[in-house]
Amino acid sequence: GEPDRPHLTVSMDVSAEGMSIYTDRPIPKDTVLKLSICRPGSLEVFHAQAKVRWSRKAPGGKTRTGLHVVSSVPPGSD
């Protein structure tokens, strides 16, 4: 609906190559997302771009979306 509006979500299964997140609705495959990521307990933010690989129904009416990180900037580098 609003592609440039920030959304807060929970990530899981995080690796160097990607992660999955919970979303309110499916995001089309190959959509590129801009991410700002904070580790728990840290105020440092790193920025990344990720491409949607898949979206599946999840409990509670949510969607679980798989992302592949295509680029990232470490904290303090931007």
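Predicted model: local features only at pLDDT ≥ 70, side-chain atom pairs only at ≥ 80, totals over all residues.
Reader: Okay. How many helices and strands does the protein have?

Author: Helices (H or I, at least four residues) and strands (E, at least two) are DSSP runs, numbered from the N terminus. This protein comes to zero helices and five strands.

Reader: In which order do the strands lie in the sheet?

Author: Two strands pair if DSSP finds at least two bridges between them. In this open sheet, the order is β1-β2-β5-β4-β3, with antiparallel pairing. At the edges are β1 (11-12) and β3, each pairing on one side only.

Reader: Which bridges should I look for, going across the sheet?

Author: Begin with β1 and β2, joined by two bridges; S11 has I21 as its bridge partner in β2. Then β2 and β5 are joined by six bridges, and I21 stands opposite T65 in β5. Over at β3 and β4 there are seven bridges, with L35 partnered by A48 in β4.

Reader: What is in the turn between β1 and β2?

Author: The two strands form a hairpin with five residues between them, and D13 in the turn has a positive phi of about 50°.

Reader: Is D13 buried or exposed?

Author: Buried means under 20% relative accessible area, exposed over 50%, and partly exposed in between (1.4 Å probe, protein chains only). D13 has a relative accessible area of 56%, so this residue is exposed. Contact means heavy atoms within 4.5 Å; leaving out residues up to four places away in sequence, D13 touches G18, M19, S20 and R64. Also, D13 and G66 are 53 residues apart in sequence but 9.3 Å apart in space, C-alpha to C-alpha.

Reader: And how much of the protein is buried?

Author: Of its 78 residues, 23% count as buried. Strand β2 is largely enclosed by the rest of the structure, because five of its six residues are buried. T63, found in strand β5, counts as buried too, at 6% relative accessibility. Beyond its neighbours within four places in sequence, T63 is in contact with several residues, including I21, Y22, S55 and R56.

Reader: Which residues make up the largest nonpolar core?

Author: A nonpolar core is a set of buried Ala, Val, Leu, Ile, Met, Phe, Trp, Tyr and Cys residues joined through side-chain atoms within 4.5 Å. The largest one here has 10 residues: M19, I21, L33, L35, I37, A48, A50, V52, L67 and V69. Two or more residues come from each of β2 (18-23), β3 (32-38), β4 (45-57) and β5 (63-73).

Reader: I see gaps in that numbering. What is the general idea?

Author: In a regular strand the side chains alternate between the two faces of the sheet.

Reader: What does V52 touch?

Author: Setting aside residues up to four places away in sequence, V52 touches I27, P28, K29, D30, T31, L33, T65, G66 and L67.

Conventions
Residues numbered from 1 in each chain as written. Heavy atoms only, no water.
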